[in-house]
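Visitor: Could you take me through one part of this model slowly, and then show me how the rest is arranged around it? I am new to reading structures.

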Amino acid sequence: QVQQNVERLFTRFVEEGKATVRLREPAVDLCLSKANVINLKTFLSAVRLAHQGSDTGVLPLSPLVPAKNSDVEKPKTKMIITSRRDYPLTKSFPFSLEHLQTSYCKLARIDTRVLCLKKLRKLDLSHNHIKQLPATLGDLVCLQELDLHDNHLEAFSGALCSSSLQRSLQFLDLSQNQIQALPIEFCQLRGLVQLRLDDNALLRLPCRIGQLSRLRFLSAARNKLPFLPSDFRKLSLENLDLFGNPFEQPNPLVPNIQLKIPLTLLECAARATVNHRIPFGCHLLPSHLCKDLEVAKTCRCGSACLSSFIQITVTMNLHHVAHTVVLVDNMGGTEAPVLCYFCSLDCYSQFLDRHLQSNG
(Lines give C-alpha, C1' and ligand atoms only; values in the text may rest on other atoms or scores of the structure.)
Protein backbone atom coordinates (compact mmCIF):
# COMPACT_ATOMS: atom_id res chain seq x y z
CA GLN A 1 0.00 0.00 0.00
CA VAL A 2 1.63 3.25 -1.16
CA GLN A 3 -1.19 5.78 -1.11
CA GLN A 4 -0.71 8.22 1.79
CA ASN A 5 1.94 5.85 3.16
CA VAL A 6 5.25 7.44 2.08
CA GLU A 7 7.00 9.22 4.94
CA ARG A 8 9.87 10.58 2.86
CA LEU A 9 11.91 10.05 -0.32
CA PHE A 10 15.70 10.33 -0.11
CA THR A 11 16.96 11.20 -3.60
CA ARG A 12 20.26 12.96 -2.96
CA PHE A 13 22.23 10.22 -4.73
CA VAL A 14 19.72 9.39 -7.43
CA GLU A 15 22.28 10.22 -10.14
CA GLU A 16 24.36 7.35 -8.73
CA GLY A 17 21.43 4.95 -9.00
CA LYS A 18 20.64 5.15 -5.26
CA ALA A 19 17.48 6.18 -3.40
CA THR A 20 15.52 5.34 -0.27
CA VAL A 21 11.75 5.21 0.19
CA ARG A 22 10.65 5.52 3.84
CA LEU A 23 7.21 4.05 4.51
CA ARG A 24 4.97 4.85 7.45
CA GLU A 25 3.35 1.44 7.88
CA PRO A 26 5.23 -0.80 8.22
CA ALA A 27 7.98 1.60 9.41
CA VAL A 28 10.70 0.43 7.04
CA ASP A 29 13.21 1.95 4.63
CA LEU A 30 13.29 0.56 1.08
CA CYS A 31 16.90 1.07 -0.02
CA LEU A 32 17.53 1.05 -3.77
CA SER A 33 21.01 0.88 -5.25
CA LYS A 34 22.79 -0.08 -8.47
CA ALA A 35 19.68 1.00 -10.38
CA ASN A 36 19.43 2.40 -13.87
CA VAL A 37 19.21 6.16 -13.31
CA ILE A 38 16.41 6.76 -15.85
CA ASN A 39 14.37 3.82 -14.60
CA LEU A 40 14.94 4.90 -10.99
CA LYS A 41 13.69 8.43 -11.65
CA THR A 42 10.62 7.05 -13.40
CA PHE A 43 9.95 4.70 -10.48
CA LEU A 44 10.25 7.51 -7.92
CA SER A 45 7.85 9.66 -9.94
CA ALA A 46 5.38 6.79 -9.87
CA VAL A 47 5.79 6.42 -6.10
CA ARG A 48 5.07 10.14 -5.61
CA LEU A 49 1.93 9.93 -7.73
CA ALA A 50 0.76 6.76 -6.00
CA HIS A 51 1.29 8.41 -2.62
CA GLN A 52 -0.93 11.29 -3.78
CA GLY A 53 -3.57 8.88 -5.07
CA SER A 54 -2.97 9.67 -8.77
CA ASP A 55 -3.23 7.24 -11.66
CA THR A 56 0.19 5.70 -12.38
CA GLY A 57 -0.93 3.86 -15.49
CA VAL A 58 0.21 6.67 -17.78
CA LEU A 59 3.83 6.36 -16.70
CA PRO A 60 6.20 4.36 -18.95
CA LEU A 61 7.35 1.96 -16.20
CA SER A 62 9.78 -0.71 -17.31
CA PRO A 63 8.72 -4.33 -16.82
CA LEU A 64 9.85 -5.96 -13.60
CA VAL A 65 12.95 -8.11 -13.91
CA PRO A 66 13.81 -10.45 -11.02
CA ALA A 67 16.86 -9.16 -9.21
CA LYS A 68 19.92 -11.32 -8.76
CA ASN A 69 20.77 -12.38 -5.21
CA SER A 70 24.03 -10.46 -5.47
CA ASP A 71 22.10 -7.27 -6.28
CA VAL A 72 19.77 -7.49 -3.27
CA GLU A 73 21.05 -5.72 -0.18
CA LYS A 74 19.97 -7.38 3.04
CA PRO A 75 18.63 -5.13 5.81
CA LYS A 76 21.56 -3.89 7.88
CA THR A 77 21.36 -5.17 11.47
CA LYS A 78 24.79 -4.19 12.84
CA MET A 79 26.80 -0.97 12.72
CA ILE A 80 30.06 -0.25 14.55
CA ILE A 81 31.49 3.30 14.69
CA THR A 82 34.68 3.88 16.68
CA SER A 83 35.76 7.39 15.73
CA ARG A 84 34.25 10.86 15.49
CA ARG A 85 35.08 11.24 11.79
CA ASP A 86 33.06 8.11 10.91
CA TYR A 87 29.96 9.25 12.81
CA PRO A 88 27.05 9.87 10.36
CA LEU A 89 25.97 13.50 10.66
CA THR A 90 23.75 13.74 7.58
CA LYS A 91 22.65 10.16 6.94
CA SER A 92 20.06 8.37 9.03
CA PHE A 93 20.73 5.16 10.89
CA PRO A 94 19.06 2.14 9.21
CA PHE A 95 15.78 1.37 10.95
CA SER A 96 16.65 -2.33 10.79
CA LEU A 97 19.63 -2.02 13.20
CA GLU A 98 19.70 -4.49 16.09
CA HIS A 99 23.28 -3.78 17.24
CA LEU A 100 24.75 -0.26 17.29
CA GLN A 101 28.12 0.74 18.68
CA THR A 102 29.23 4.39 18.69
CA SER A 103 32.35 4.51 20.87
CA TYR A 104 35.12 7.12 21.05
CA CYS A 105 32.89 9.63 19.22
CA LYS A 106 33.01 12.36 21.91
CA LEU A 107 29.21 12.35 22.17
CA ALA A 108 27.87 14.71 24.84
CA ARG A 109 24.35 13.28 24.61
CA ILE A 110 22.51 10.37 23.02
CA ASP A 111 21.55 11.09 19.41
CA THR A 112 17.76 11.37 19.05
CA ARG A 113 18.01 9.36 15.82
CA VAL A 114 19.27 6.41 17.87
CA LEU A 115 16.17 6.57 20.06
CA CYS A 116 14.02 5.83 16.99
CA LEU A 117 15.68 2.45 16.34
CA LYS A 118 12.94 0.29 17.81
CA LYS A 119 14.63 -3.01 16.86
CA LEU A 120 17.81 -2.32 18.82
CA ARG A 121 18.86 -5.19 21.07
CA LYS A 122 22.40 -4.03 21.85
CA LEU A 123 23.48 -0.39 22.26
CA ASP A 124 27.11 0.41 23.01
CA LEU A 125 27.80 4.09 23.83
CA SER A 126 31.01 3.49 25.77
CA HIS A 127 33.97 5.89 25.84
CA ASN A 128 32.01 9.09 25.20
CA HIS A 129 31.19 12.26 27.20
CA ILE A 130 27.50 11.57 27.96
CA LYS A 131 26.32 13.29 31.16
CA GLN A 132 22.61 12.51 31.17
CA LEU A 133 20.29 9.81 29.84
CA PRO A 134 16.99 10.83 28.19
CA ALA A 135 13.78 9.27 29.48
CA THR A 136 12.95 8.22 25.89
CA LEU A 137 15.78 5.68 26.08
CA GLY A 138 13.17 3.54 27.82
CA ASP A 139 11.14 3.44 24.58
CA LEU A 140 13.63 0.98 23.05
CA VAL A 141 11.39 -1.97 23.87
CA CYS A 142 13.76 -4.67 22.56
CA LEU A 143 16.93 -3.39 24.25
CA GLN A 144 18.74 -6.21 26.06
CA GLU A 145 22.29 -4.83 26.39
CA LEU A 146 23.25 -1.25 27.27
CA ASP A 147 26.93 -0.30 27.58
CA LEU A 148 27.64 3.16 29.02
CA HIS A 149 31.17 2.38 30.19
CA ASP A 150 33.52 5.39 30.52
CA ASN A 151 31.17 8.37 30.27
CA HIS A 152 30.36 11.33 32.56
CA LEU A 153 27.10 10.08 34.08
CA GLU A 154 26.22 11.28 37.58
CA ALA A 155 22.88 9.47 37.87
CA PHE A 156 20.68 6.75 36.42
CA SER A 157 17.11 7.97 36.09
CA GLY A 158 14.32 6.34 38.08
CA ALA A 159 12.04 6.87 35.07
CA LEU A 160 14.21 4.50 33.02
CA CYS A 161 13.80 1.84 35.72
CA SER A 162 10.01 2.11 35.37
CA SER A 163 10.07 1.90 31.56
CA SER A 164 10.03 -1.13 29.25
CA LEU A 165 13.68 -1.69 30.22
CA GLN A 166 12.51 -3.40 33.40
CA ARG A 167 11.39 -6.33 31.21
CA SER A 168 13.97 -6.34 28.41
CA LEU A 169 17.31 -5.20 29.86
CA GLN A 170 19.69 -8.04 30.77
CA PHE A 171 23.17 -6.46 30.59
CA LEU A 172 24.00 -3.00 31.97
CA ASP A 173 27.49 -1.50 32.16
CA LEU A 174 27.73 1.78 34.09
CA SER A 175 31.39 1.42 35.03
CA GLN A 176 33.81 4.35 34.96
CA ASN A 177 31.27 7.10 35.53
CA GLN A 178 30.59 9.49 38.42
CA ILE A 179 27.51 7.90 40.00
CA GLN A 180 27.17 8.24 43.78
CA ALA A 181 23.85 6.44 44.25
CA LEU A 182 21.25 4.50 42.28
CA PRO A 183 17.53 5.30 42.66
CA ILE A 184 15.09 3.23 44.70
CA GLU A 185 13.40 2.22 41.44
CA PHE A 186 16.61 0.62 40.13
CA CYS A 187 15.61 -2.79 41.49
CA GLN A 188 12.60 -2.80 39.14
CA LEU A 189 15.07 -3.84 36.40
CA ARG A 190 14.36 -7.44 37.31
CA GLY A 191 15.55 -8.87 33.99
CA LEU A 192 19.16 -7.93 34.78
CA VAL A 193 21.61 -10.82 34.56
CA GLN A 194 24.89 -8.85 34.47
CA LEU A 195 25.55 -5.48 36.16
CA ARG A 196 28.84 -3.59 36.12
CA LEU A 197 29.29 -0.59 38.44
CA ASP A 198 33.09 -0.47 38.79
CA ASP A 199 35.03 2.78 39.21
CA ASN A 200 32.20 5.09 40.22
CA ALA A 201 31.72 7.01 43.48
CA LEU A 202 28.97 4.78 44.92
CA LEU A 203 28.30 5.35 48.61
CA ARG A 204 25.68 2.62 48.79
CA LEU A 205 23.98 -0.08 46.74
CA PRO A 206 20.17 -0.10 46.27
CA CYS A 207 18.48 -1.21 49.50
CA ARG A 208 16.21 -3.66 47.64
CA ILE A 209 18.97 -5.23 45.54
CA GLY A 210 17.73 -8.68 46.56
CA GLN A 211 14.78 -8.20 44.19
CA LEU A 212 17.16 -8.69 41.26
CA SER A 213 16.53 -12.43 41.34
CA ARG A 214 17.99 -13.10 37.88
CA LEU A 215 21.26 -11.28 38.59
CA ARG A 216 24.26 -13.60 38.19
CA PHE A 217 27.23 -11.27 37.63
CA LEU A 218 27.77 -8.20 39.81
CA SER A 219 30.87 -6.01 39.79
CA ALA A 220 31.14 -2.87 41.93
CA ALA A 221 34.89 -2.67 42.47
CA ARG A 222 36.72 0.52 43.40
CA ASN A 223 33.79 2.51 44.75
CA LYS A 224 33.23 4.10 48.18
CA LEU A 225 30.98 1.47 49.78
CA PRO A 226 31.28 1.37 53.61
CA PHE A 227 28.92 -1.63 53.89
CA LEU A 228 26.33 -3.67 51.96
CA PRO A 229 22.52 -3.42 52.32
CA SER A 230 20.78 -6.12 54.37
CA ASP A 231 18.92 -7.25 51.22
CA PHE A 232 22.27 -8.30 49.72
CA ARG A 233 21.85 -11.66 51.48
CA LYS A 234 19.03 -12.60 49.07
CA LEU A 235 21.24 -12.56 45.95
CA SER A 236 22.31 -15.76 44.20
CA LEU A 237 25.32 -14.89 42.04
CA GLU A 238 27.82 -16.77 39.96
CA ASN A 239 30.49 -14.06 40.09
CA LEU A 240 30.95 -11.14 42.51
CA ASP A 241 33.66 -8.45 42.53
CA LEU A 242 33.75 -5.84 45.32
CA PHE A 243 37.50 -5.26 45.40
CA GLY A 244 38.85 -1.90 46.50
CA ASN A 245 35.94 -0.56 48.58
CA PRO A 246 36.64 1.11 51.98
CA PHE A 247 34.50 -1.34 53.96
CA GLU A 248 34.08 -0.50 57.65
CA GLN A 249 35.09 -2.93 60.38
CA PRO A 250 31.82 -4.44 61.75
CA ASN A 251 31.15 -3.86 65.44
CA PRO A 252 27.84 -5.34 66.67
CA LEU A 253 28.54 -3.94 70.13
CA VAL A 254 28.22 -0.34 68.91
CA PRO A 255 24.68 -0.05 67.55
CA ASN A 256 23.06 2.89 65.79
CA ILE A 257 19.90 3.28 67.87
CA GLN A 258 16.99 4.95 66.11
CA LEU A 259 14.40 3.25 68.29
CA LYS A 260 11.55 5.44 69.60
CA ILE A 261 9.71 4.17 72.68
CA PRO A 262 6.79 4.14 72.71
CA LEU A 263 6.36 3.60 68.97
CA THR A 264 4.57 6.35 67.10
CA LEU A 265 1.15 5.69 65.59
CA LEU A 266 2.70 6.02 62.11
CA GLU A 267 5.33 3.38 62.94
CA CYS A 268 2.72 0.97 64.34
CA ALA A 269 0.48 1.41 61.30
CA ALA A 270 3.42 0.98 58.89
CA ARG A 271 4.62 -2.19 60.61
CA ALA A 272 1.11 -3.66 60.57
CA THR A 273 0.69 -2.81 56.87
CA VAL A 274 3.91 -4.59 55.88
CA ASN A 275 3.67 -7.52 58.32
CA HIS A 276 0.11 -8.37 57.32
CA ARG A 277 0.69 -7.58 53.62
CA ILE A 278 -2.14 -5.08 53.52
CA PRO A 279 -2.44 -3.64 49.97
CA PHE A 280 -1.51 0.02 49.58
CA GLY A 281 -0.90 2.48 46.77
CA CYS A 282 -0.87 6.16 45.85
CA HIS A 283 -4.66 6.03 45.47
CA LEU A 284 -4.89 5.28 49.21
CA LEU A 285 -1.82 6.93 50.78
CA PRO A 286 0.42 9.93 50.06
CA SER A 287 3.20 9.00 47.65
CA HIS A 288 5.99 9.64 50.19
CA LEU A 289 4.41 7.12 52.58
CA CYS A 290 4.19 4.56 49.78
CA LYS A 291 7.90 4.98 49.07
CA ASP A 292 8.72 4.57 52.76
CA LEU A 293 6.68 1.36 52.96
CA GLU A 294 8.35 -0.03 49.85
CA VAL A 295 11.78 0.25 51.49
CA ALA A 296 10.76 -0.83 54.99
CA LYS A 297 13.52 -2.59 56.90
CA THR A 298 13.26 -6.19 58.06
CA CYS A 299 14.29 -7.31 61.54
CA ARG A 300 16.13 -10.60 62.17
CA CYS A 301 12.83 -11.91 63.57
CA GLY A 302 11.10 -11.24 60.24
CA SER A 303 9.04 -8.24 61.38
CA ALA A 304 9.13 -4.91 59.59
CA CYS A 305 10.29 -1.55 60.90
CA LEU A 306 10.10 1.83 59.23
CA SER A 307 11.93 4.67 61.01
CA SER A 308 12.22 3.14 64.49
CA PHE A 309 14.96 0.50 64.65
CA ILE A 310 18.40 -0.53 65.90
CA GLN A 311 21.07 -0.84 63.21
CA ILE A 312 24.41 -2.62 63.29
CA THR A 313 26.83 -4.10 60.76
CA VAL A 314 27.83 -7.76 60.87
CA THR A 315 30.35 -9.75 58.90
CA MET A 316 29.14 -11.82 55.95
CA ASN A 317 31.19 -14.27 53.94
CA LEU A 318 30.45 -13.35 50.33
CA HIS A 319 30.56 -17.01 49.31
CA HIS A 320 27.08 -17.23 50.87
CA VAL A 321 25.72 -15.25 47.91
CA ALA A 322 28.22 -15.96 45.11
CA HIS A 323 29.98 -19.03 43.71
CA THR A 324 33.07 -17.08 42.63
CA VAL A 325 34.24 -14.11 44.71
CA VAL A 326 37.03 -11.74 43.77
CA LEU A 327 39.09 -10.93 46.86
CA VAL A 328 37.74 -7.91 48.72
CA ASP A 329 41.23 -6.64 49.59
CA ASN A 330 44.90 -7.39 49.17
CA MET A 331 44.85 -9.48 52.35
CA GLY A 332 42.90 -12.29 50.68
CA GLY A 333 39.58 -11.58 52.39
CA THR A 334 36.17 -12.62 51.06
CA GLU A 335 34.13 -11.03 53.84
CA ALA A 336 32.29 -7.72 53.93
CA PRO A 337 30.08 -5.84 56.42
CA VAL A 338 26.35 -6.01 55.85
CA LEU A 339 23.63 -3.98 57.57
CA CYS A 340 21.43 -5.70 60.10
CA TYR A 341 18.23 -4.28 61.67
CA PHE A 342 16.26 -5.00 64.86
CA CYS A 343 12.71 -3.89 65.54
CA SER A 344 13.05 -3.89 69.34
CA LEU A 345 15.48 -4.07 72.26
CA ASP A 346 14.42 -7.69 72.84
CA CYS A 347 15.46 -8.74 69.32
CA TYR A 348 18.80 -6.94 69.64
CA SER A 349 19.46 -8.43 73.10
CA GLN A 350 18.78 -11.96 71.84
CA PHE A 351 21.17 -11.44 68.94
CA LEU A 352 23.82 -9.96 71.24
CA ASP A 353 23.60 -12.93 73.62
CA ARG A 354 24.15 -15.39 70.75
CA HIS A 355 26.97 -13.26 69.34
CA LEU A 356 28.82 -13.05 72.67
CA GLN A 357 28.42 -16.78 73.31
CA SER A 358 29.78 -17.69 69.89
CA ASN A 359 32.77 -15.40 70.40
CA GLY A 360 33.26 -16.11 74.06
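Visitor: I would like a close look at the open sheet of 3 strands: in what order do the strands come, and is their pairing parallel or antiparallel?

Guide: Happy to! This is a predicted model, so local features need pLDDT of at least 70 and side-chain atom pairs pLDDT 80 or more, while totals for chains, interfaces and linings use all residues. Residues are numbered from 1 along each chain as its sequence is written, and side-chain values use heavy atoms, leaving out hydrogens and water.

The order is S1-S2-S3, and the pairing is antiparallel. Strands here are DSSP runs of E with at least two residues, and helices are runs of H or I with at least four, numbered from the N terminus. Two strands pair if DSSP finds at least two bridges between them. In general, strands of a sheet pair through backbone hydrogen bonds, either parallel or antiparallel.

Start at the edges. Strand S1 (6–10) and strand S3 (29–32) each have a single partner strand, so one side of each is left without a neighbour in the sheet. On average, neighbouring strands are turned by 10 degrees against each other, direction ignored. Now look at how S1 meets strand S2 (residues 19–23): 4 bridges join these antiparallel strands. To follow one of them, find Leu9, whose bridge partner in S2 is Val21.

Helix H1 (residues 37–52) packs on this sheet and touches S1, S2 and S3; contact means heavy atoms within 4.5 Å. The direction of H1 makes about 160 degrees with that of S1. Such angles run from 0 to 180 degrees between N-to-C directions, with axes fitted to C-alpha atoms, for helices over the stretch in contact.

Most residues other than glycine have a negative phi, and most peptide bonds are trans. In the loop between S2 and S3 sits Pro26, and the peptide bond joining Glu25 to Pro26 is cis, with omega about 0 degrees. In the loop between S3 and H1 you will find Lys34, which is not a glycine, yet has a positive phi of about 55 degrees. Lys34 is exposed, with a relative accessible area of 64%; exposed means over 50%, buried under 20%, and partly exposed in between (1.4 Å probe, protein chains only).

Let us step back to the whole chain. It is divided into domain 1 (6–52), domain 2 (78–224) and domain 3 (256–316 + 337–358), with bounds from an automatic or database domain assignment. Between the C-alpha centres of domain 1 and domain 2 there are 35 Å.

Next, look inside. The largest nonpolar core has 77 residues, and among the members that touch the most others are Leu123, Phe156, Phe232 and Leu318. Such a core is a set of buried Ala, Val, Leu, Ile, Met, Phe, Trp, Tyr and Cys residues joined through side-chain atoms within 4.5 Å. Elements that each supply at least two residues include strand S4 (78–81), strand S17 (335–342) and helix H6 (345–358). The largest share, 6 residues, comes from S17. Because domain 2 and domain 3 both give residues to this core, it lies between them.

Zoom in on Leu318: leaving aside neighbours within four places in sequence, its contacts include Leu228, Phe232, Leu240 and Val325. Apart from this core lies another one, of 9 residues, and among them are Val6, Leu9, Ala19 and Val47.

The peptide bond from Ile261 to Pro262 is cis, with omega near 0 degrees, and Pro262 lies in the loop between strand S12 (256–257) and helix H4 (265–275). Arg222, though not a glycine, has a positive phi of about 55 degrees, and Arg222 is partly exposed, at 41% relative accessible area.

Last, the cysteines. Cys290 is buried, at 3% relative accessibility, whereas Cys207 is partly exposed, at 33%. For Cys207, the closest cysteine sulfur is in Cys187, 6.9 Å away, and that is also too far for a bond.

How values were computed:
A disulfide is a pair of cysteine sulfur atoms within 2.5 Å.
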